[in-house]
Amino acid sequence: MRKLLIGLGVVVVLLIGAVVALPFFIPVDWVKEQAQTKASQATGRQLTIAGDVSLSVFPNVRIEANDVHFANEPGSPVTDMVSLSKLALDVQLMPLLSGDLVVDEFVLIDPVIYLEGQPDGSGNWQFTPEPGAEGTASDGSQTEGTADSGGSGLANLTLGDVRIENGQVTFVDGKSGETTVVSGINMVLSLPDLASPFNGEGSFTFKEKTLKLATSLASPKALMDGGSSDATVIIESEPLNVSFNGSVAQAGAVTGKVDLSIPSLSGLALWMEQPLDPASPAPETIQVSGTLDMNGDNIAFNGAEVTIDELKARGDIAVNLGGDRPSITANLQSDMLDLNPYLPQPEEGTGDAGGSSDGGGETSDGGDSLAQRWSDEEIDFSGLDAANADLTFDLAGLKVQAIEIGRSRLHIVVNNGSATVDLLEAALYGGNGTAHVVVDRSGSQPAIAKTFSATGIQAEPLLAAAAGFDKLSGTADLNIDVTATGVSQRQFVENLFGNGAFTFRDGAFKGINIAAVVRDLSIESIGEAVSPSESTDFAELSGTYNIQNGMLANNDLFMSAPLFRMDGQGNVNMPDKTLDYTITPKATSSLEGQGADDTGGFGIPINVRGPWAGPAITPDLEAIAKNALANPEAIGETLEMLGGDDAGGLLDGLTGEGGDAGGLLDGLTGDGDSGGLGDLF
């Protein structure tokens, strides 16, 4: 027995000695040659080890290779697909003999990887093994039992010191020609065994910014067996911060909590070499959080909370990446959305501020014509091509330029570059409104169709906000149905067609006291009645209109007010932003603003002309003269309706008998010293 033990001991010593001596009997050049030959057979590419190679097999199997190069595919402008200064691999011997792989050290120093895609989707990472190579058929195709077919070769994998130092990856997109470079890759990986958590930590540099990366996988074995595993990914950097905490599955399904933070959108865009246009306002800070559920082409983001500067929204978003373009479905709720910081800002001196006018289409300070305020810049609708969408928004409120909308519900559908927008309900300046807008890009030019209906709206703040017109107040009902085509703001206005109707109740028209004109028909009183401090109260103001090529025509303007009724007709030149109206108030014996139309007396035509932000209001003397000469009896009827001589000097004002200034009739008929308009006929 003792001799047997001694014999076994001698055998063990000899075996150990043989293992220790083995590297001395295996030429290093032979090892290099075998490695290069096997790599060439397996991939169809040349592996070159230009530097020193060392090999030891006890107590661990350790291989070091220096200056390693793996050839790129033929025809590429870059010689190597992979190169590295040093590769070091240290594997425990005894577990290896038992079929387990325990890696004490695996280090790649200065690895440089070049990946090049082709327009057809293929890439230089796809290899063609040589015919007859192990695991391939005679035609070069893979046979069963290769590493790609699965198996248990990694069933008992243990990683110790696994590192990548100073790595670089370059990717060239064959379709776009864009080149992406990630450098300064330093990673440390840890995996005690496949049943234990995997952890990776390191950093890399992209476009001169350093990003820190930390990742973990709770159960790599479960993932490799076709199941799922909890996982985390954290990226920290100056331009953005991203974190994921959830689970991943071998089939590609990903579910978990995502947080994204962009401290500066302008900084991020600059970093991505796509700087924002300084003239186009954009958000600065963005924060997004929610639950990600991704499976194949379908991505859902549920319970999302989005904060863009001061804007906040929450809800669910779903994206389908299949088809010709992505498809997005969203249902979001938000607080008050103030979009003004993100709308193009008017250049200094070109705002729509009002001001007095000389009636010639220019502001009182000699500024440019209001017509020049329509933009000729082509409107970019290309954003509608990015994706199809079905979006629903419940808003606590919305601000667009000077217009403020209360609680509202918005539905937007985008399909193949065209869009439909429905304002399903909106609290609008004390009333309610709905709208339907279609942007159709199927023709040679974009076409827009719009219908709008509103009831119970306070007119003055709406008109002031929408058109800079603050001369009209009251409770309004509005209906609009218009279409337009063009490529710029000006073209859309010039090609505007449609119709509409309006009714204003219990309001006032600012800038003239029409009732005073009716009560006292002297020329002096007309001048005094036209003043920014004067106004005309009315019970109702209504009319209908048609629009052709941006010219709005209204022929049935009607106002019902105490002491008078008023008819009117005229047009609004929308491209030039000017008014040309004639209104004719007539006296009535009733002090009520509504009731039977008992007018029949003398009417005073008044012209309202000039920029709609500040029109000039003047009596139409020519029309007054014609009416007086053609129907002088109407003046008497008017006086009688208003109480004859008790009407506060009305007769004197008409005939000039009460003073030296002369009366309206004298001024019209030429009976006074100054001559009259009647002399012109």
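**Exercise 1.** Is Phe 492 buried or exposed, and what is its relative accessible area? Describe its aromatic partner as well.

*Solution.* The model is predicted, so local features require pLDDT of at least 70 and side-chain atom pairs pLDDT 80 or more, while totals for chains, interfaces and linings use all residues. Residues are numbered from 1 along each chain as its sequence is written, and side-chain values use heavy atoms, without hydrogens and water.

Step 1. Buried means under 20% relative accessible area, exposed over 50%, and partly exposed in between, with a 1.4 Å probe and protein chains only. Phe 492 has a relative accessible area of 9% and is buried.

Step 2. Rings of Phe, Tyr and Trp (its six-membered ring) pair if their centres lie within 6.5 Å; planes under 30 degrees apart are stacked, over 60 edge-to-face, and the rest tilted. The ring centres of Phe 381 and Phe 492 are 6.5 Å apart and the planes stand at 80 degrees, so this pair is edge-to-face.

Step 3. Helices (H or I, at least four residues) and strands (E, at least two) are DSSP runs numbered from the N terminus. Phe 492 belongs to helix 7 (residues 489-494) and Phe 381 to the loop between strand 17 (327-338) and strand 18 (388-400), so the pair ties together parts 111 residues apart in sequence. Phe 381 also counts as buried, at 14% relative accessibility.

**Exercise 2.** Determine how many aromatic pairs there are, and describe the pair of Trp 125 and Phe 171.

*Solution.* Step 1. The ring rule gives a count of five aromatic pairs.

Step 2. Trp 125 and Phe 171 form a tilted pair, 6.4 Å centre to centre with 35 degrees between the planes. Phe 171 lies in strand 7 (157-172) and Trp 125 in the loop between strand 6 (112-116) and strand 7, so the pair joins parts that are 46 residues apart in sequence.

Step 3. Both residues are partly exposed: Trp 125 has a relative accessible area of 35%, and Phe 171 one of 32%.

**Exercise 3.** Which residues touch the most other members of the largest nonpolar core?

*Solution.* Step 1. A nonpolar core is a set of buried Ala, Val, Leu, Ile, Met, Phe, Trp, Tyr and Cys residues joined through side-chain atoms within 4.5 Å. In the largest core, of 64 residues, Phe 504 and Trp 612 touch the most other members. Strand 24 (residues 472-485) contributes the most to this core, with five residues.

Step 2. Contact means heavy atoms within 4.5 Å. Setting aside neighbours within four places in sequence, the contacts of Phe 504 include Ala 459, Leu 463, Leu 472 and Phe 538. Phe 504 also forms one aromatic cluster with Phe 502 and Tyr 545.

**Exercise 4.** Where do the buried residues of helix 6 lie around its axis?

*Solution.* Step 1. Helix 6 spans residues 459-467, and Ala 459, Leu 462 and Ala 465 are buried in it.

Step 2. The arc is taken from the directions running from the helix axis to the C-beta atoms. The buried residues of helix 6 fall within an arc of 145 degrees, so they line one face of the helix.

Step 3. Their cover includes strand 19 (403-405), strand 23 (447-458), strand 24 and strand 25 (497-512). After helix 6 comes Gly 468, with a positive phi near 65 degrees.

**Exercise 5.** Which strands pair with strand 28, and in what sense?

*Solution.* Step 1. Two strands pair if DSSP finds at least two bridges between them. Strand 27 (residues 551-561) pairs with strand 28 in the antiparallel sense over nine bridges; Asn 554 has Gly 570 in strand 28 as its bridge partner.

Step 2. Strand 29 (residues 578-587) and strand 28 are antiparallel over ten bridges. Here Asp 567 stands opposite Thr 584 in strand 29.

Step 3. The hairpin of strands 27 and 28 has two residues between them, and Leu 563 in the turn has a positive phi of about 75 degrees. The hairpin of strands 28 and 29 has four residues between the strands, and Lys 577 takes a positive phi near 55 degrees.

Step 4. A charge sits over a ring if NZ of Lys or CZ of Arg is within 6 Å of the ring centre and within 35 degrees of the ring normal. The charged end of Lys 577 sits over the ring of Trp 374, 4.1 Å from its centre.

Step 5. Strand 28 (residues 564-573) is mostly covered, with seven of its ten residues buried.
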